[in-house]
Amino acid sequence: MNMDGTNFLGSSVKEPSTNGTSLFDGILRVMYDSIAEVNLQLPENQRMGKSPDTILLGDGGKLDSLGLVNFIVITEQKLEEFLGVRIDLTENDPFSPTTGHFRTVQSLATYICELAENRPGRELA
Amino acid sequence: MTASNTERKALKLYLISDFNLETMGNYFVNGNSSLQMSVSSAPFGQVFPALLQTSDSPLADFAVVWTSPEIIVPSFAESLNHAAIDEDRLLSEVHEFAECLRKAQKHFRAIFVMSWTLPYYRRGNGILSLKGQGSRKLLLKMNLKLAEELEDCESIYLLDAQRWLEAVGKNSYSPKLWYMTKARFHADVFRRAAREVEAAISAVLEGSRKLVIVDLDNTLWGGVVGDLGWQNLKLGGHDYLGEAFVDFQKALKSLRNRGVLLAIASKNEESVALEALSKHPEMVLRPEDFAAWRINWNDKAANIVELAAELNLGLQSAVFIDDNPVERARVREALPEVHVPDWPEDKTLFASRFLELDCFDSPYPTAEDAARNQLYADERQRARSRKTVNSAEEWLLSLDTECTVEELSDANRVRVVQLLNKTNQMNLTTRRVSEHELQRWLGQDSRKLWAFRVKDKFGDSGLTGILSLEMKSGMACIIDFVLSCRVFGRKVEDAMVAFAAEYCTAAGLGELRANYIPTAKNKPCFSFWMSSGFSYNEKENRFRWPLSKAYPFPVGVKIHRSATATGDILHSQPQRSPHAEGAALPVFTNSD
């Protein structure tokens, strides 16, 4: 990407199409799509709900460590399609007790929102 | 293992890999497959020890072996580091891996081995990667060598992993997944691989679909022939949609060449539709390409039932393709056994959607499969001849049926195992076995197995019957009594019983028994045995015949030893049927 935010063809890096809804709602939709994909790997009685309160990591969560990493990778990929930039969700170790934003869908969406709005080191998709 | 056991128990799947395959295992267990599976894994990275286990008992029903080329073939790892390597050594390392797979065959009914791949970002030496010792060129050689080494292993299937990677695209390899979980691929690759392995297992267990029933208007061609006339249909020409319909017809025709039958279920005037099929200059499929059709204004589900019955196929053999979602929903609801794939609205996707269907995968390419269309043409002629004679007995006599009896050999083993594993209706015990299990079972002198080839004046039905016996304590028990519905009802079943009785009498045995194991589908076999003249013990589900009495060969069926034996006609004299007089011939309504 060029310094002015355009790519080598001179086009602007695309802004997320939020269809009039907030960036946060758009990110929530992306995460729900990821939940639907990860649910295919889970037994029926352990599938995650599409809700901001769904627990991703810690007590009450349905995902083991492999499931969470699969969820992260799928979400990063979908965010790249949605935002047009790649966002690294594992810059901080998601399994560290000090990394609190993986606790629920809502806390992770909030974290992604912050990253998306303040993306100083953003790279082209 | 019996089918009833298979139906009750989860299939055991064993995963062997040098990377983390747990995500794939989760798809097997929790996905939407109709197969019930339990999955276990070899210790991580222990590929060779897992393949070389010395246990005599089977480890699981099926195994998946998915490895990294740079780990299994050390010379390839060196080449990735741009070191000059000895290619003979590289290929001998592939050979060693293939030998281990070969040895592991005894532990499983089938082994699915994934071909080797590299991530797209491994450019190797760039523009030279397909020259000299370029990494892509070496990888092609390694996969080819592996395929050739495994060519004669009938229970090992090499699956093309590159297809799943291409479908997923640049995300197929995720460095993040590798560093954090040691999974080599994205979950979507594992999902596609699991789906393909499930389809392969279904093909091994149940055989593949054998009949495609297609709609006409806006499915086989663009437009409504009754409104437009055949001259104005969108088909071929300098038109992108016309070309798409031609390609879809070509895809159907290619499947016909593999032995899958084509049929039509269309709401149309029959004469108008057939005129279009006959006269349109760019029509790829002509009336003679279809085994049967129902072109009328009746309910399509009812028409499909009729088509399957006419072709002696079960509904579980059928696939229905229609552009109309209402018709698809109707057939799905009324006939859940029929596979009704989702169909794209975009007509340019018809051919590609059809070509990616996995329900036609067959684990055993046999001459009978390729000749199936001819077999059905023979059957149509046979059925027509039936209308010209007065009685069923007279008709059977007019067929000049001949059975050739063979022992198990390299030449017929594939077909015998195929028939044994996919026949449902005329199957006494529904025993399902792999080639290795069958060979092992036949390792005792007290056990015998014969295959029956059947032909008549209308054509050769091929290897369609299996009879096996176990002899002990002065009596013999029929273990397998299997007959394809292609020939069921033509007294071949009587001839098989008579052959068994004659053999046992010559062996000095006193009694012949048949223990019937009921399944959801083998009632026709029970009906046959109930009319066989054997005494029946309901409590034990056992049929018995005292060999002090000769069991008569059926009228009009000749039995020969195969050419590898004496070639003598064992029995060709018309005999009285042991069936009760006036007993109806067995009715077969679906296929095996």
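The exercises below concern a predicted model with chains A and B.

**Exercise 1.** Describe how helices α1(A) and α2(A) pack against each other.

Solution.
- Step 1: Take the axes of α1 (residues 23-39) and α2 (residues 65-83) of chain A; they come within 9 Å and cross at roughly 135 degrees.
- Step 2: Angles over 145 degrees count as roughly antiparallel and 65 to 115 as roughly perpendicular, with the rest between those ranges oblique. That makes α1(A) oblique to α2(A).
- Step 3: The handedness of this crossing of α1(A) and α2(A) is right-handed.
- Step 4: From α1(A), the residues G26(A), V30(A), M31(A), D33(A), S34(A), E37(A) and V38(A) take part, and they meet G67(A), N70(A), F71(A), I74(A), T75(A), K78(A), L79(A) and F82(A) of α2(A).
- Step 5: Sorted by class, the residues of this contact are seven nonpolar, five polar and three charged.

**Exercise 2.** Which elements of chain B give two or more residues to the side that touches chain A?

Solution.
- Step 1: Count the residues in the contact: 15 come from chain B and eleven from chain A.
- Step 2: On the chain B side, the elements are α2 (22-30), α9 (175-181) and α10 (187-206).
- Step 3: The largest share of that side, five residues, belongs to α2(B).
- Step 4: By class, the chain B side has four nonpolar, eight polar and three charged residues.

**Exercise 3.** Find which residues touch the most other members of the largest nonpolar core.

Solution.
- Step 1: Chain B has 592 residues, of which 43% count as buried.
- Step 2: In the largest nonpolar core, with 83 residues, I16(B) and I111(B) touch the most other members.
- Step 3: Leaving out residues up to four places away in sequence, I111(B) touches A63(B), V65(B), L101(B), A104(B), Q105(B), S155(B) and I156(B).

How values were computed: Residues numbered from 1 in each chain as written. Chains lettered and ligands numbered in written order. Predicted model: local features only at pLDDT ≥ 70, side-chain atom pairs only at ≥ 80, totals over all residues. Contact = placed C-beta atoms within 7 Å. Helix = DSSP H or I, 4+ residues; strand = E, 2+ residues; numbered from the N terminus. Nonpolar A, V, L, I, M, F, W, Y, C, P; charged D, E, K, R; others polar. Core = buried A, V, L, I, M, F, W, Y, C linked by C-beta atoms within 7 Å. Buried ≥ 20, exposed ≤ 12 C-beta atoms within 10 Å, placed from the backbone. Axes fitted to C-alpha atoms, helices over the stretch in contact; angles between N-to-C directions. Parallel < 35°, antiparallel > 145°, perpendicular 65-115°, else oblique. Left-handed = near helix turned anticlockwise from the far one by under 90°.
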